[in-house]
Amino acid sequence: MTGVVPETPKVSRPLLTSEPELGNDVASLRADFLQKLFCMQGKFPRVSTQHDLYQALSYVIRDRILNRWVHSVSTYYERESRTVVYLSAEYLLGPQLDHNLAVLGLSDVVRRALEPLGIDVDQLVDLETEPALGNGGLGRLAACFMDSLATLGRPAIGYGIRYEFGIFEQAIKDGAQIERTDLWLRLGCPWALARPEITFSVGFGGSTQHYTDEHGEHRVLWAPARTVLGTPHDLPVLGYGTATANFLRLWQAIAPESLDLQAFNVGDYLRAVHEKIVSENITKVLYPNDDSPQGKRLRLEQEYFFVSCTLQDMIRIYRQRTSSLDRFHEKYAAQLNDTHPALAVPELMRLLVDVHGLSWDQAWHITTKTFGYTNHTLLPEALETWPLPLFQEVLPRHLEIIYEINHRLLAEVRTRWPEDEGRVRRMSIIDEDGERRVRMANLATVGSHSVNGVAKLHTQLLRDTVLSDFATLWPEKFTNVTNGVTPRRFMLLANPKLSTLITETLGDGWIRDLDQLRKLEPYAKDATFRKKWRQIKLANKVQLAHVLKSKGLVFDPEAMLDVQVKRIHEYKRQHLNLLHAIALYMRIKDGRPPAVPRTILFAGKAAPGYFMAKLMIRLVHGVGERINEDAEARKWLRVVFVPNFNVKNAGPVYAGADLSEQISTAGMEASGTGNMKLSLNGALTIGTLDGANVEIREAVGNDNFFLFGMTADEVVAARQRRENPRDHLSRDSELARAIELISSGFFSPAEPDLYRPLISKILDDDHFQVLSDFRAYIDCQAKVEKAWLNQDEWTERSILTTARMGYFSSDRAIKEYAERVWRTGAVTIERGNFEEVLRSPESRKGIPFRQR
């Protein structure tokens, strides 16, 4: 609320509730809990539901979070701190209650506070539905980065979308993926604060009018055909071991008029709410299926809505201090997390030039100094492009701006390479080959001062292939920042037993400085320590088996737990893993069982419109059903699929895994973070030289990484040779037999032809080199079996793997971004400084205190 802050009245207590008043002792927490139950839920204990208890406890913890948050933002305001702005379409945060309890150091004391009331905190933690704000690695990385930014004391705002229903909740029916609505907001989200007083208008369609202003300057007026309002919900993000709290600001779309009263009064009830429906659709779901023209339009509108609200908000915050936007880029370092926010480039230009009257050159200088771009994919189909007619219809002014950016870019290219029109066509933001389209990766690259890949191999391939022309033109723009994961979420919370052992052995410094895990190396030779390590791994598998049994999934915790948990995609090659499972099954039936029992665990979602990925899920269930029902086979082998894989479900899997399957086609995975999470928890890896696997292998040591398969260069060469994939079957009878079992309907007796499309695609064009890598993969798995037989040696390798994973902390990644890309420093948050700001001379002079 904008207004004048009066001189602080002389009272005995501070204006702002301070940390001591929010007591963290047992009595204070219990009293606060009961107060929240009474005053927020309107319940008393005897009639309270589990949800009431969860909400009340969440509000108790939120008060303590807000105390830190207000101190943090007031410090940033006072110091005019340079701020990192992270723009991401996804934030896969995970459950908040257990995380915030751990970060605040209140896990044990809260349990003691509520135990006399007969309340089991673990049940409340299990009750929580995690925010459906992301899908895969992109969103999990963004959440890790927000955690690390706060932990390292870097001022930051994460901007995103408040999806009402997320992407979908995955269910399995008859072996097939079923997409169900994810109702994560049905009972509310106690962690978020609505900011209805902040709204921004976002336009779509319409026309532009070009004119000359009174100063003789060329100007453009955009008159949108319709507008939508964006309003934010803020979600605080705590740092570990620090007083810092940053926040996510998530945009919700609402209609300027929710009800057409005239239409309602004449009985046209659908027309009365039409505008509300159309507007709110923008933030209904993550990644609307864009197989239809309507889906494409909605996704484009969603991406623009997100960046327009974000940039208008950044300008609003910036202008609290000054009216001039000349130093906007000095206030903000904005990072585009993939191409989904790439429309921020023309939108900032529009705001600066059309709305705030800056010249083109001045606006372009500010824009390119503001943005950095992180590329996350080498897959052509994943590099976003938009059909030109659609773009023209939805964002006519932005297309004009893109044309101007492109004109200036191509002029520079032609000056540098005057006879190379091929290069001009490749670098153009407008793809002129076939249907004309806007290339978002090119736009993001041109409009940013920094472009980075997310693993050494990925960045090199970016320079050499996808963005090679830009890397030649602007080599100084390109850098690498290998991804990382937060140990707070993926060790401290996911694996509490192992975390306790490490803390008892090393102290708790590793939680903020993961490099300290190196000190575990000598313990790999300690027989007593190895025994404890093995006992914890077994206990974790027993716990996982208990969880999965409630879902109807059975496995033996004593068996090797072989895990492939990631988005379902052909390049990730879940079907290669299945071919190994089928080979093992055939050997068992032939009287040649494997040396060790094994459970192969799959998990992951397929995009709703991705037929082959959904067919692979069917195949996992078909193979699993046949093997698991075979009394002879299941003594040695089980195949299970864990549905609806998310952060909450992932923790027990990471903690229990023995073997991590990182078997993507070399040169196709940008980085991967699942590989890091599994290795951090002591799983050994079988994998290709792809993405961050290369660096993980270097870090943990060749002996602790089971390497197989073609390199990225060999994959390219194989594709160029255009060999007949069927030749592999004539050379490898085991492979031929496995393929025949699938295509004959052995794993789908009710639908014998069910898997023929998948097999036909592999045999006609083995683009992902499944057949080429099969024999190397099978032979490497034999080495895994041999290593597993010596449990002492396996445990030693497991300990060394964890000990050498310090580099893969998201804290390290954020430090690299801060030093090389953002040029930002840490800000120390001191307790009590908010009261000092309120009592400062500025406050007494009546300087407005604006909503931040």
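**Strands and a helix explained**

Visitor: Which residue in S15 is the bridge partner of Asp431?

Guide: The bridge partner of Asp431 in S15 is Arg437. The model is predicted, so local features need pLDDT of at least 70 and side-chain atom pairs count only at pLDDT 80 or more, while totals for chains, interfaces and linings use all residues. Residues are numbered from 1 along each chain as its sequence is written, and side-chain values use heavy atoms, with hydrogens and water left out.

Visitor: Why are S14 and S15 called paired strands?

Guide: Strands (E, at least two residues) and helices (H or I, at least four) are DSSP runs, numbered from the N terminus. Two strands pair if DSSP finds at least two bridges between them. S14 and S15 (residues 437–439) have two bridges, in the antiparallel sense, and therefore meet that definition.

Visitor: What makes S13 and S14 edge strands?

Guide: In the open sheet of three strands, the order is S13-S15-S14. S13 (385–387) and S14 (430–431) each pair on one side only.

Visitor: Why is helix H3 described as largely enclosed?

Guide: Buried means under 20% relative accessible area, exposed over 50%, and partly exposed in between (1.4 Å probe, protein chains only). Eight of the eight residues of H3 (residues 97–104) are buried, so the rest of the structure largely encloses this helix. Among them are Leu97, Asp98 and His99.

Visitor: What makes both faces of S21 count as covered?

Guide: Leu659 and Glu661 on one side of S21, and Ser660 and Gln662 on the other, are all buried.
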